[in-house]
Amino acid sequence: MQAQSVDEVLALLQAQGYVGSRRLATSVHLALALQRPLFLEGEPGVGKTELAKVLARALGAPLIRLQCYEGLDVSQAAYEWNVPRQMMEIRLAEVASRLAPPDGGAGGQHPTPTPGRDSVAERDVWARSLYRRELLIERPLLQALTQPVRPVLLIDELDRADEPFDAYLLELLAENQITIPEYGVVRAEHPPITFITSNRTREVHDALKRRCLYQWVGFPDEEQELAILRAKAPQAGESLSRQVVAFVQRMRRLDLFKAPGVAETIDWTNALVALDAMRLDPDSVHDTMGVLLKYQDDVARLQGAEVGRLIDELKALAIIDGD
Amino acid sequence: MGYFAFNLAHFTRILRRAGLPVGPDRTLAAVQAIEAVGLDRRDDVHAALSAVMLRSNDQQPLFDAAFEVFWRDPKLAERMMHMMLPKIQGRGEKTQPKRNNRMAEALAAQRPQSSKPPNSAQSDHQQDFDLDFAISHSDRERLHAADFESMTAREFAWAQRIAAQLPPPVQRIRSRRLERARSGRLNLAATLRHTARQPDTMLPVYSRPRRVLPPIVVLLDVSGSMDRYARLMLHYLHGLRQRHRLVQVFTFGTRLTHITRALRDRDPDRALDEAAAMVEDWKGGTRIAQCLAQFNREWARRVLGARAAVLLITDGLDREGAGELAQSAAHLSRMTAQLVWLNPLLRFDGFEPRAAGVKALLPHVDHLLPMHNLSSLQDLERALISAPRHRFNPSSRS
């Protein structure tokens, strides 16, 4: 299934319950049409990772995910040689060469060339046979290049990996290939649809961004967030959803260390529903504050009169009915 | 499409002239992007071009403004750019990085609904400052540009030596990357590669985690009481920044200023001149508490990864708000792996933490070290190794 226009992408995402702006859909469409990686940047919890997951589901493509962390290296991100097996092959070859008659004989059933014989060429063949494809363990990046269908590759939270890793990705992003020194170049037959996300804890290198389409994902506006709640937390009534969204939207304007993301809004709504809250009041907000705010200083800030003030504001706007 | 491609190329040039780093390859990408989304809807064209041409959300307002004008009247856009941009200056003269911001503001002002870039902190807080701080604190704050020239030749030579030699007083951290070592963990893959080259011997190869400098964030007090030290420290920090890329430097007195960009220049004189131009509260009063709180709020989550070290260089003499200071310091210490305080007042043998600000800070720092002369600076690293950590440091950091 392939989307041919922005509208189709939008419909595709919506069918999977992902509410995104038309702008985001345009970028996704371009990523598909131009076969370029899409670099998504934005606050945590605005649906960057979710977008890749949803798109994979919508296209029926396998999702390959690489979660980045500090110290991530090639052996965990791209490929690794199966060293224990290589060791075993060496041992087997040793044994075979000891068993084989000294003049070389007809050779055993074992196809591995034996070391120990002194010809340099044979040694070379032997060394190369230690690095054959079956002994290569594929990690996510290499997996993404060897799929039988076009996969979705998600490189999540790239800013967590250290900078040298940015440079390592360049070849993959630009050429859809990985060079393995002992083996050669692995090129993708079905180039992956690549998404890279970043929370901006550090600036990702320009050379990498240049190879990507760039998209900033911000907090959704009131209408969008309401649509998201309708899709993701349908058990909450229309009225409660409206109140939650209005409350969260106002909260984001406060000077908080970490403004709640969409993920938090959904969690909070579910929490309120679980507590049978029919509408927002200071008590229910206080009881569930931990779902929404993850820093003690933020919680302390809202604990006082602030919640009451926000609720009064919503009452004044008739979003919450007065008593 | 031909005429359109021509227009796109023109648009790219205008963006470039406006200071956006849009390479020629973008024009081609833009043509492809427009082919993919079509020309039916203006918002699609806008979104497509942004996706292709931008590399950071900060650039959006400038792009929006240019887009708005250009798609109404390309000629007008060009004239406006000419008017708004200062003439290209001769070789050697530095173009100020602030210029882009100013133009972004000038252009963005045409669209009242255009959103504010979240990270143009510099210009933003300058405005805030002009409105609030300057009036309420004008009595205490003596705003003047830092005069680095008055540094004596001897001071300068000192500083250069320090900058060239000294390691930063932070503890190295264990990287998750490995390096070859005489002993440690057996590295099977490397052993095998070695064996492949020399099949007759099988020498085990070992590796162990590399020990590297963590990212360092420096908060430098430039208030009146710190004047002599701050100037010296700036030289030191410039040297540090040149050697270790992961250094971020902020100055604070009555306001917080991010000066890392200035210190990127290799030449110390040019770098410090530029820094001096950015710092406007040089030799003014001190509002440590507010500045730390501002740092926590606006920068901490961005520049402090899980393992960053914070170097706080101040005498701790805050004129107000010890309670607030304790709170900000506590927050800061929770956000960072090591909080090291360099204090010039430690030179006095009988130094006791009696000032309210010092008392508020002390419980939250891991190390308190002196920094009043060259020898104390040279001793910093040794002092750090022998000094016990002050506080219990919960390891749950994110």
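**Figure 1. Polar contacts between chain A and chain B.** In this predicted model, 11 residue pairs, both members at pLDDT 80 or more, are in polar contact between chain A and chain B. A polar contact is a pair of N or O atoms within 3.5 Å; within protein, one must be able to donate a hydrogen and the other to accept it, and residues adjacent in sequence count only if both atoms are side-chain atoms. Local features need pLDDT of at least 70, side-chain atom pairs count only at pLDDT 80 or more, and totals for chains, interfaces and linings use all residues of the predicted model. Side-chain values use heavy atoms, without hydrogens and water, and residues are numbered from 1 along each chain as its sequence is written.

**Figure 2. Salt bridges across the interface.** Five salt bridges (a side-chain nitrogen of Lys or Arg within 4 Å of a carboxyl oxygen of Asp or Glu) are found between chain A and chain B. In one salt bridge, A:Arg22 pairs with B:Asp44 at 2.6 Å, N to O.

**Figure 3. The contact surface of chain A.** Contact (heavy atoms within 4.5 Å) joins 44 residues of chain A to 42 residues of chain B. Of the residues on the side of chain A that touches chain B, 19 are nonpolar, six polar and 19 charged. In this classification, Ala, Val, Leu, Ile, Met, Phe, Trp, Tyr, Cys and Pro count as nonpolar, Asp, Glu, Lys and Arg as charged, and the others, Gly among them, as polar.

**Figure 4. Lining of the largest cavity.** Residues that line the largest cavity include A:Ala31, A:Arg36, A:Arg150 and A:Thr194. By class, this lining has six nonpolar, three polar and two charged residues. On a 1 Å grid over the protein atoms alone, a cavity is a set of points where a 1.4 Å probe fits but cannot get out, and lining residues have an atom within 4 Å of a point.

How values were computed
Chains lettered and ligands numbered in written order. 1 Å grid on protein atoms, 1.4 Å probe; cavity = no way out; pocket = protein on both sides within 12 Å on 5 of 7 lines; lining within 4 Å.
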